[in-house]
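Please consult the sequence and the model shown here.

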Amino acid sequence: MDPAHQSRSGDGTGTALAEPAPLLRATGIVKTYGPVRALRGVDLCLEPGEIVALAGENGSGKSTLSKVIAGVVQPDAGELVLDGRPVSFHHPRAALEHGIAIVSQDPTALPLLSVADNVLLPRVRSYTSLSHRAARTEAAREPLLRVGLDIDPDMPLGALPGGDRELVEVAKALALRPKLLILDEVTARLPEPERLFAVVRDLVTRDGLAVVFISHRLREIHQLCDRAVVLRDGEKVGELARQELTDTRIASLMVGRDLGSFFHKADVRPAAPVLTIEQVVTERSPHPIDLTVRRGEIVGLAGLVGAGRSELLETVAGVRRPLAGTVRVDGTGIRPHDPRAARAAGIGFVPEERFVQALVPGASIAMNLAMPGWRMLARSTRNQDRARGRAAIRDFGIRAPGQHTPVGRLSGGNAQKVVVARALATEPDVLLLDEPTRGVDVGARSEIYELIARMVESGAGVLMASSDMLELLGLADRIVVLHDGEVVGELSRAEATEQQIALLSHGGGGA
């Protein structure tokens, strides 16, 4: 018999020892918000030195469970046991003091403060805590180095690129020396998540941290995690060991159904050009860009963050003023920097930041759908707006109590469907998509891909920017790659590979 399983007394009786207590055990966690049951008796067990994924569709309860563990939300029922002792956190600081840190999907960064001030912010109890600059700088340097940031801690946070700002958020959590680290949708804002993965693996291996990892990107889950706990509608519906972490297994548990052809790729023969971009120069793209999209075709835009993809789409949609060049739909030029003229010409646009560029969170579904058509002094079309809202909920599968529901209360996937529904309301000939499934769960992604397929089958052309290479490879007929605002390559569907796209995106040759 293994000595580890014999009695400590050494009496040879073979009495089994109790297994060591897990780092954290959550049992029967319940949380309701009015009529909505966000968590329905969820159990979760975490051991030191492991990375556990929380997987599930938007609204499945992942973030709510992580906030319960981190003391941000108090459960209605259930128990948390940390290091073998029951705990109850009525404030996030109480969880921090017990070694639980969370990097939320809603950043708490203060861009005007220094990097050091941001890193040490959770430790601040009064203004005087920030008064000793040299000590503050030195205290921040170590956690910054641990996440691979060898930078001046006294520089303003806002001067850093987006990916580095996200790593500062992780350094902020590490400055508290946690034993449990929760990463909630952190990679959605990282252009190169592999940097974070290397940091996480080092923390787990060297320090024995337990890590809870939440992501909608299935590939990241089986790339990083030891196992996955899957939630659906507030309930734990399954747990997968590392060898079981395949896209198919995770997705089927998440949505409770077979997704079939995930990308819903439409087999359509492209026809005549519908969108022509001629010698267009933008603030981000000083090199003139020529590009054509044909009817029945999806053209992907690839490139690193800052390559000029969003600026090009916004220019075509009339949101930005071009420095030069012409945009044509079916051969007719469009007045530049005029979103209404672009819509009238047959262009629909789904921008990158849905709650910044597209939606008013406090307004209802019906109002958000109606806003693009509003005109000053026009007669009220309230009944039409309501009918449009009801139709969108039905036709686009938006999960909401009704068309009066504020979009700010919707899950990310359902909010994105509102944006797509608004873009398709005018039955456009050209659909511009900028990161159409960022922060959207696998089930909603499949539904959005199906909507795109319908557009292509109807004869529309699609120009889509995405940082998700699998999305580009799964949907696009051609992929145009941008680097520093310049078109550096074009790949057919047969030629395109992740390696080739990555090479071109970083400024490498096409060979």
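A salt bridge is a side-chain nitrogen of Lys or Arg within 4 Å of a carboxyl oxygen of Asp or Glu. Glu435 forms such a bridge with Arg309, the closest N and O atoms being 3.6 Å apart. This is a predicted model, in which local features need pLDDT of at least 70, side-chain atom pairs count only at pLDDT 80 or more, and totals for chains, interfaces and linings use all residues. Residues are numbered from 1 along each chain as its sequence is written, and side-chain values use heavy atoms, with hydrogens and water left out.

**Salt bridges**

- The structure holds 35 salt bridges.
- The Glu435–Arg309 pair links distant parts of the chain, 126 residues apart: Glu435 lies in the loop between strand S17 (430–434) and helix H15 (442–457), and Arg309 in helix H9 (residues 309–316). Helices (H or I, at least four residues) and strands (E, at least two) are DSSP runs, numbered from the N terminus.
- Glu435 counts as buried at 6% relative accessibility, and Arg309 is buried at 8%. Buried means under 20% relative accessible area, exposed over 50%, and partly exposed in between (1.4 Å probe, protein chains only).
- Glu297 and Arg478 meet through their side chains in a salt bridge of 2.8 Å, N to O. The two residues are 181 residues apart, with Glu297 in the loop between strand S12 (289–294) and strand S13 (298–302) and Arg478 in strand S19 (residues 478–483). Both Glu297 and Arg478 are buried.
- Asp207 and Arg146 form a salt bridge at 2.1 Å, N to O. The pair joins helix H6 (residues 193–207), which holds Asp207, to helix H4 (residues 133–146), which holds Arg146, across 61 residues. Asp207 is partly exposed at 38% relative accessibility, whereas Arg146 is buried at 17%.
- A network of salt bridges links Glu50, Arg227, Lys236 and Glu239.

**Overall form**

- The protein contains 17 helices and 20 strands.
- The C-alpha trace spans about 90 × 50 × 50 Å along its principal axes.
- Of the contacts (heavy atoms within 4.5 Å) with a separation of 6 or more, 66% involve residues 24 or more positions apart.

**Burial**

- Of the 511 residues, 50% count as buried.
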